[in-house]
Amino acid sequence: MRIMKPFDQIQRACCVSLCVWGGVAVAAGPGTFAADGGWRHAVPDWKEVPGNMRAPYRKGAIWWSDRAGAALDVTFEGTTLAAFLTAGPDAGDLEVSVDGGSPRRFRLRADYGDLHYPYVEILADDLPRGRHHARLRALAAERNGQAGTTVRLHRLYANGGVGPQ
């Protein structure tokens, strides 16, 4: 694993997270996280990505991987971890394991034709208060005879903050 760029651009609380938690403010401080070589921090070449994406979400660098098995490790404090991500026709699944526990699999594949759409997914909740480690892995998925592997992560939210490893 290698330490990547600071996490600050991925973890600023916004109205999306406030809606998810019914108005409870989400704190997220600057820090770093570890990602293997399968993850990139860049603006995707949306012209090369099959499907349509709303213009506001095409701007700015995001963390993304199109390699099944690529892992991203995050340390955070709080009782809940959520992600603002994009589902789409080329999406795979996201596997999340917190504190070495059993992994949960999240379906990211869009069933809306060729539209890539952003949304918030609660990755873990009802955790004991305190510091936690989450491992996020991109997984291959097949829907309607089409395979996908891509995971696009715009932001992470934790109700106690995301911090250094």
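How many salt bridges are there in this structure? The count comes to six salt bridges. The model is a predicted one. The points below describe three of these salt bridges, and then turn to the sheets, the core and the rings.

**Salt bridges**

- Arg135 and Asp73 form a salt bridge in which the closest N and O atoms are 2.8 Å apart. Because Arg135 belongs to strand β11 and Asp73 to strand β6, this pair ties together parts that are 62 residues apart in sequence.
- Glu77 lies in strand β6 and Arg131 in strand β11, so the pair ties together parts that are 54 residues apart in sequence.
- Glu77 is partly exposed, its relative accessible area being 37%. Arg131 also counts as partly exposed, at 46% relative accessibility.
- Asp93 forms a salt bridge with Arg105, and the closest N and O atoms of this pair are 2.8 Å apart. Asp93 is in strand β8 and Arg105 is in strand β9 (residues 104-107), so that the pair links distant parts of the chain, twelve residues apart.
- Within this pair, Asp93 counts as buried, at 6% relative accessibility, while Arg105 counts as exposed, at 51%.
- In general terms, side chains of opposite charge can pair when their charged atoms come close.

- Strands β6 and β11 pair in the antiparallel sense over seven bridges. Within β11, Arg135 stands opposite Asp73, and these two residues also form the salt bridge described above.
- Strands β8 and β11 likewise run antiparallel, joined by six bridges. Asp93 has Leu139 in β11 as its bridge partner.

**The six-stranded open sheet**

- An open sheet of six strands shows mixed pairing, in the order β3-β5-β14-β7-β10-β4. Its edge strands are β3 (40-42) and β4, each of which pairs on one side only.
- Strand β7 pairs with β14 in the antiparallel sense over six bridges. The bridge partner of Leu81 in β14 is Ala158.
- Strand β7 is also joined to β10 by seven bridges, again in an antiparallel arrangement. In β10, Leu81 has Ala124 as its bridge partner.
- The pairing between β4 and β10 is parallel and extends over two bridges. Asn52 has Leu115 in β10 as its bridge partner.
- As a general principle, strands of a sheet pair through backbone hydrogen bonds, either parallel or antiparallel.

**Nonpolar core**

- The largest nonpolar core holds 29 residues, and Leu94, Leu108, Leu123 and Leu136 touch the most other members. Two or more residues of this core come from each of β6 (71-77), β7 (81-87), β8 (93-98), β10 (115-124), β11 (131-139) and β14 (151-158).
- Which residues does Leu94 contact, leaving aside its neighbours within four places in sequence? They are Leu85, Arg104, Arg105, Phe106, Leu108, Leu123, Leu136, Arg137 and Val151.
- One of these contacts, Arg105, is the salt-bridge partner of Asp93.
- In soluble globular proteins, nonpolar side chains tend to be buried together.

**Aromatic rings**

- The structure holds two aromatic pairs. One of them joins Tyr57 and Phe84 edge-to-face, at 6.0 Å centre to centre and with 65° between the planes.
- Since Tyr57 lies in the loop between β4 (52-53) and β5 (62-65) and Phe84 in strand β7, the pair ties together parts that are 27 residues apart in sequence.
- Tyr57 is partly exposed, with a relative accessible area of 28%, whereas Phe84 counts as buried, at 9%.
- Where does the charged end of Arg40 sit? The charged end of Arg40 sits over the ring of Trp64, 3.9 Å from the ring centre.

Key
Residues are numbered from 1 along each chain as its sequence is written. This is a predicted model: local features need pLDDT of at least 70, side-chain atom pairs count only at pLDDT 80 or more; totals for chains, interfaces and linings use all residues. Side-chain values use heavy atoms; hydrogens and water are left out. A nonpolar core is a set of buried Ala, Val, Leu, Ile, Met, Phe, Trp, Tyr and Cys residues joined through side-chain atoms within 4.5 Å. Buried means under 20% relative accessible area, exposed over 50%, partly exposed in between (1.4 Å probe, protein chains only). Helices (H or I, at least four residues) and strands (E, at least two) are DSSP runs, numbered from the N terminus. Contact means heavy atoms within 4.5 Å. Two strands pair if DSSP finds at least two bridges between them. A salt bridge is a side-chain nitrogen of Lys or Arg within 4 Å of a carboxyl oxygen of Asp or Glu. Rings of Phe, Tyr and Trp (its six-membered ring) pair if their centres lie within 6.5 Å; planes under 30 degrees apart count as stacked, over 60 as edge-to-face and the rest as tilted. A charge sits over a ring if NZ of Lys or CZ of Arg is within 6 Å of the ring centre and within 35 degrees of the ring normal.
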